[in-house]
Amino acid sequence: MRKICVVTGTRAEYGILSDLMRLISEDEQLELQIIVTNMHLSPEFGLTYREIEKDGFRIDKKVEMLLSSVTPNGIVKSMGVGMIGLADALGELAPDLMLVLGDRYEILVAVEVALMYRIPVVHLYGGEITEGAWDNAIRHAITKLSHVHFTSTEIYRQRVIQMGEHPEHVFWVGALGIDNIRREKIMRQDELEESLGFNLGINSLLITFHPVTMENNTAEIQCRELLAALEEFKEYRLLFTLANSDAQGQVINNLIRDFVRKNSGRAISVTSLGKRRYYAALRYVTAVVGNSSSGLVEAPYFGKPVLNIGDRQKGRVRGEGVFDCLPVKDSIIRGLQKILTPEFRRQADKADNPYEKPGTLKTIFETLKQIEPEKILRKSFYDQPEMKL
């Protein structure tokens, strides 16, 4: 029986991987192993490992790593702590394959440990560009430490091949999150509102804002500009999901909590919505605002207009339902006015989603089952035909 180890550190990542994890766990030829780390184990971020257990999964190892400080110094030290814990966990579990998603620092640590244990890595989603975040460099590093690649667009597939990965091991599959939504029974609006203790009303915005980690201490300034802009739209009810454990994330979360206290009648903040509530929120809100990748990937599935703020997602493919603005009050106000017009809302509703491709989950799972770990461990650099000497 082949052992496949999934390493997850955040609520969003687990929500995308959960259906694939279910298929692995139910297959007679495969054994699912789960390592949870980082934000999943933090009270500040909602102890979201409980969602994994609530879904019926057995967690094999919990690797504590998140220190109280999320300054660059604190994050680097967290990575060191995580490497020690992941070394012990992977040494004991001895998986045949590791499956990871994304571009966060805890995932980089996990694949570095896997390299030393000679564990082949399957990676979702390489080739993407987010110039405003250090995730960009981390994602590319994970690509070079991985052996099989699933990408969300053909452009990203070509970029992974450009990085020297063999085309036979790079698969364009589409975004797994969208495939998950298709199978999800979306909560009714009244169920969502009861769960939140908050009425979305006729007009509402879903807001997620993360630090732009390649910029020096801009989180507070940019978040204040966003909140000042939202003050001009008092007819809209506001549902905030809080920032992750990047540097300066706590600064953003404190500002949002303070804003919510001052606007308790029309605003709420939630540490983690979880997959079901997040998908329901995407369906029922008027528009999506912030700088999260989900605004470019999942929100367009529901035909929602999206205001993408600043440079965090700069370089990432986007559809015609996404409008970009600067992270300053006046630009955000103009952007909100634009996406909330009937014309733009119709445009967003009809726009194609570049991340959507039928059969994503099935393709990934069937390909995963065919992987022979011993045959992919040693990698040769794939030169582009025009570059061969």
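**Before you click**

This is a predicted model, where local features need pLDDT of at least 70 and side-chain atom pairs count only at pLDDT 80 or more, while totals for chains, interfaces and linings use all residues. Residues are numbered from 1 along each chain as its sequence is written, and side-chain values use heavy atoms, with hydrogens and water left out. Helices (H or I, at least four residues) and strands (E, at least two) are DSSP runs, numbered from the N terminus.

**Stop 1: H9 and its two partners**

Select 219-230 and 249-262, which are helices H9 and H10; their axes lie 9 Å apart at an angle of about 25°. (Axes are lines fitted to C-alpha atoms, for helices over the stretch in contact, and angles run from 0 to 180 degrees between N-to-C directions.) That makes H9 roughly parallel to H10; angles under 35 degrees count as roughly parallel, over 145 as roughly antiparallel, 65 to 115 as roughly perpendicular and the rest as oblique. The H9 and H10 crossing is right-handed, a label used if the near helix is turned clockwise from the far one by less than a right angle, with left-handed for anticlockwise.

Now show side chains. On H9, the contact (heavy atoms within 4.5 Å) uses Ala 219, Glu 220, Cys 223, Arg 224, Leu 227 and Leu 230, and on H10 it uses Val 251, Ile 252, Leu 255, Ile 256 and Phe 259. By class, nine of the H9 and H10 contact residues are nonpolar, none polar and two charged. For colouring, Ala, Val, Leu, Ile, Met, Phe, Trp, Tyr, Cys and Pro count as nonpolar, Asp, Glu, Lys and Arg as charged, and the others, Gly among them, as polar.

Look for Glu 225, Leu 226, Ala 228, Ala 229 and Leu 230 of H9 against Lys 329, Ile 332, Ile 333 and Leu 336 of H13. Seven of the residues in the H9 and H13 contact are nonpolar, none is polar and two are charged.

**Stop 2: H4 against H5**

Move to H4 (105-116) and H5, packed at about 20° with axes 10 Å apart. That makes H4 roughly parallel to H5. What is the hand of the H4 and H5 crossing? It is left-handed. H4 brings Tyr 105, Ile 107, Leu 108, Val 111, Glu 112 and Leu 115, and H5 answers with Ile 138, Ala 141, Ile 142 and Leu 145. The H4 and H5 contact has nine nonpolar residues, no polar and one charged.

**Stop 3**

On a 1 Å grid over the protein atoms alone, a cavity is a set of points where a 1.4 Å probe fits but cannot get out, a pocket is an open set with protein on both sides within 12 Å along at least five of seven lines, and lining residues have an atom within 4 Å of a point. Grid points are joined across faces, edges and corners, and a volume is the space filled by probe spheres set on the points.

How many cavities of 30 Å³ or more does a search of the whole structure find? There are two. The largest cavity holds about 910 Å³. Its lining has 40 residues, with Ala 12, Glu 13, Ile 16, Ser 292 and Ser 293 closest to the centre. H1 gives the largest share of this lining, five residues.

The second largest cavity holds about 70 Å³. Centre on Val 288, Val 289, Gly 290, Ser 292 and Gly 295, the nearest to its centre among 15 lining residues. That lining divides into eight nonpolar, seven polar and no charged residues.

**Stop 4: the largest pocket**

Select Glu 51, Asp 55, Gly 274, Lys 275 and Arg 276, which lie nearest the centre of the largest pocket, lined by 20 residues. Its space is about 450 Å³. By class, the pocket lining has four nonpolar, five polar and eleven charged residues. H1 (11-26), H2 (49-54) and H11 (274-284) each supply at least two lining residues.

**Stop 5: two backbone spots**

Zoom in on the cis peptide bond between Leu 124 and Tyr 125, with omega about 5°. Tyr 125 sits in the loop between strand S5 (121-124) and H5 (135-145).

Finish at Asn 38, not a glycine, yet with a positive phi of about 50°. Asn 38 is in the loop between strand S2 (30-37) and H2.
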